[in-house]
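Good morning, and thank you for coming.

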Amino acid sequence: MQLLFTIDDLKAALRRRGPDSLGNKKVFLCSKTSSSAEERQIISFVDEEEAKERGELYLQHLENKNDCLFDSNGQAHELENCFSMPKFVAELHFIGATLQLRGINPIVQPLMDTSGNILAYNGEIFGGIYINGDSNDTEILMQALGKCCFCKRTCSCDEKGQNSVADVLSTIKGPWSVIYWQESSRTLWFGRDAFGRRSLLVHWPTLEDNRFLLSSVSPVSSTEQSSGFEDENGINNLNFWEELPCGVYGMSFDAPKLDGFLVGEVRKHEWRNAILKELLDWERASVEPKPEDLYFSPCKTPREQPDMHSASSNILPPKSGPIQVSISGPAQTVLVALRESVMRRTSQHRIFRQEELAPVAVLFSGGLDSMILAALLDECLDPSYEIDLLNVSFDGQSAPDRISAKAGVKELRRIAPLRGWKLVEIDADLSKLAFETKHVMSLINPANTYMDLNIGIALWLAASGSGWVYEGHNNNNDEDLERVKYKSKARIVLVGSGADEQCAGYGRHRTKYRRESWLGLHEEMKLDMLRIWKRNLGRDDRCIADNGKEARFPFLDEDVIRTLLNIPLWEVANLDQPSGTGDKKILREVAQLLGLYEAAVLPKRAIQFGSRIARESNRKNFGSNRAANQASAGSAVIHMPPNLT
């Protein structure tokens with residue numbers, strides 16, 4: 001069978017990220033039966049050498065019982081032949097690329113313990129399982145999983161005080177995707193966190209390619225393989241993969257039938273954490289306000305900037321840092337939750353390498369969300385470190401996001417003058433990105449619209465951190481300084497994903513509110529959160545990780561989500577008010593609390609429009625913006641030109 005790509009292609013896609021280490025393990029499954037029993041069983045070995053070593057023990061044991069092994073065609077063989085001629089029923093390949101950000105000792109994934117369990121983990125544990133400052137969370141997770149019960153189907157171990165794999169994974173606070181081989185039960189566990197903050201793609205076996213594949217990445221298939229094979233077989237690299245729905249899955253293996261096919265039963269497990277279930281139910285404390293709720297608000301509106309010279313002003317002038325405005329209640333609560341979320345994602349004991357001058361960067365448009373993240377990062381990160389603000393433009397200094405980013409840096413320097421702020425200006429020309437476009441196509445896969453591609457290219461370039469900075473000592477006017485090439489070495493990138501979905505930042509939220517009032521708005525926001533894994537996060541994670549960086553999403557912290565759900569909807573957003581005021585109302589108040597008065601009134605602008613890649617893409621692929629709008633370019637499926645396939 002001619003395959004679309006090989007295991008080596010997957011390794012190459014992972015290696016391209018520039019990981020600290022790349023490792024692999026193999027598990028070989030064999031089928032055995034005895035003359036005294038008709039039922040076959042699965043036995044497993046890890047790696048070829050171990051298979052041979054452990055095979056000698058099985059040899060003596062099974063020969064005494066007159067046992068034999070069966071190959072993939074159901075034919076009997078002497079046991080020695082199973083090892084001299086690899087007549088295995090199946091081979092399981094585990095490949096792990098590690099961008100290590102935790103612990104004091106380097107590790108190589110996949111991990112394997114003394115029981116033969118194997119773990120490939122892509123994620124962070126910010127809570128739920130205790131991790132001390134010097135430990136690596138993957139190693140701690142391996143220890144916790146190794147203590148789990150090995151029941152295959154029905155499980156009553158919780159009555160005995162023993163956790164299942166699903167129990168352990170459900171307790172994790174933070175983003176993760178996982179592949180775990182449980183040797184004792186011959187079960188392959190896999191899954192991703194409840195919001196899909198880490199990528200995990202799946203290929204279910206088909207007639208064209210009967211492999212079962214799980215991967216964080218989608219490799220670019222070679223030109224030779226993709227020439228006629230894809231068209232002839234009706235598959236291609238765009239529909240080969242699908243995003244694995246969030247959840248914990250277990251695939252248990254039974255012995256093959258006489259036709260040689262291995263039997264694998266997949267079961268999706270329920271989340272075992274009650275708090276997590278509540279978040280997924282997306283039940284808000286209060287949705288529909290009473291008339292008096294809308295006419296009374298203890299807070300200033302975002303457009304009311306305080307008078308710093310008024311004797312009656314309720315501003316408390318601090319010795320340093322942002323001006324404190326007396327906005328109380330819900331906004332204060334959200335600010336505390338967001339600050340703790342950023343702290344969890346940037347604490348020094350959670351960063352493996354600390355020699356970089358700027359270990360954490362922000363994907364930065366100068367808009368409301370990225371300004372809040374930058375200001376909070378300043379509060380959480382050691383003052384000796386600089387902060388890189390990564391800004392991408394497809395229209396030089398004229399793109400809206402470049403203009404707002406320059407204004408944003410000035411505001412950040414006002415509230416945090418002692419911090420070293422570096423605006424990294426990443427300039428791009430879409431007409432010169434033919435090779436890069438093909439590569440990003442593989443990263444956004446299985447997403448396949450021009451909107452996905454535009455967002456993917458913008459994120460990929462921004463996360464590269466390769467651009468220009470102004471060097472010198474003038475902290476107010478960059479134009480008087482020298483513009484020099486610069487590449488950010490930050491391995492952690494804060495991203496504002498989740499803010500619009502939770503705080504009604506999209507235009508469709510306003511449309512829904514006009515048509516169906518508060519209940520309609522609530523349901524639309526719930527829908528956005530329940531599908532964010534499929535529409536956004538897997539794509540964004542792959543595009544950012546391809547640069548050897550890890551995306552972290554403070555707005556999608558479990559405690560932040562719960563905090564926002566506990567606040568009445570009309571305090572989160574009030575879409576009776578104009579754009580720049582009522583949308584994301586609560587975040588605008590948070591910005592005020594941080595002293596970001598200019599950012600607090602900025603309207604929502606998506607990255608594809610703010611960077612102007614959408615305009616350039618429309619001109620390139622449709623001839624003009626007008627033609628693109630008539631063709632609904634944003635949702636149009638991409639048809640790659642011959643020179644890019």
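Predicted model: local features only at pLDDT ≥ 70, side-chain atom pairs only at ≥ 80, totals over all residues.

Ser-517 is part of helix α16, which covers residues 507-530. Helices here are DSSP runs of H or I with at least four residues, strands are runs of E with at least two, and both are numbered from the N terminus. Although Ser-517 is not a glycine, its phi is positive, at about 60°. Its relative accessibility is 34%, so Ser-517 counts as partly exposed. On this scale, buried means under 20% relative accessible area, exposed means over 50%, and partly exposed is in between, with a 1.4 Å probe and protein chains only.

Residues are numbered from 1 along each chain as its sequence is written, and side-chain values use heavy atoms, with hydrogens and water left out.

Let us stay with backbone geometry. Most residues other than glycine have a negative phi, and most peptide bonds are trans. Trp-282 also has a positive phi, near 55°. Trp-282 is located in the loop that runs between α8 (274-281) and α9 (291-295), and with a relative accessible area of 2% it is buried.

Which peptide bond has an omega of about 0°? The bond that joins Gln-109 and Pro-110 does, and it is cis. Pro-110 sits in the loop between β5 (90-98) and β6 (111-112). A cis bond also leads from Asn-445 to Pro-446, with omega near 15°; Pro-446 belongs to the loop between α13 (434-444) and α14.

I turn now to a pair of helices. Two packed helices are described by the angle between their axes and the distance between the axes. For helix α10 (residues 330-346) and helix α11 (residues 368-380), the axes come within 9 Å and cross at roughly 65°. The axes are lines fitted to C-alpha atoms, for helices over the stretch in contact, and the angles run from 0 to 180 degrees between N-to-C directions. From α10, the residues that make the contact include Leu-335, Leu-338 and Val-342; from α11, they include Ile-372, Leu-376 and Cys-380. Contact means heavy atoms within 4.5 Å.

The buried residues include Asp-369, Ser-370 and Asp-378. From its first C-alpha to its last, α11 reaches 19 Å, close to the 18 Å expected at 1.5 Å a residue. The expected span is 1.5 Å times one less than the number of residues in the helix.

Helix α17 (residues 532-545) may be treated in the same manner. Its 14 residues should span 20 Å at 1.5 Å a residue, and its end C-alpha atoms are 18 Å apart, which agrees. In α17, 12 of the 14 residues are buried, so this helix is largely enclosed by the rest of the structure. Among the buried residues are Trp-533, Arg-539 and Asp-540.

Next, consider Val-392, which lies in strand β16 (residues 386-393). With 4% relative accessibility, Val-392 counts as buried. Val-392 and Val-424 are 32 residues apart along the chain, and their C-alpha atoms are separated by 8.3 Å. Leaving out residues up to four places away in sequence, Val-392 touches several residues, including Ile-426, Leu-461 and Ser-611. Ser-611 is in the loop between α21 (607-610) and α22 (613-622), and at 0% relative accessibility Ser-611 counts as buried. With the sequence neighbours up to four places away left out, Ser-611 touches Phe-394, Asp-401 and Ala-458, among others.

Finally, the interior and the whole chain. A nonpolar core is a set of buried Ala, Val, Leu, Ile, Met, Phe, Trp, Tyr and Cys residues joined through side-chain atoms within 4.5 Å. The largest such core has 71 residues, and those with the most contacts inside it include Leu-141, Phe-394 and Leu-461. Helix α14 (residues 450-464) gives the most to this core, with 10 residues. Another core, of 48 residues, lies apart from it and includes Ala-331 and Trp-421.

How many helices and strands does the protein have? There are 23 helices and 21 strands. Of the 645 residues in the protein, 56% are buried.
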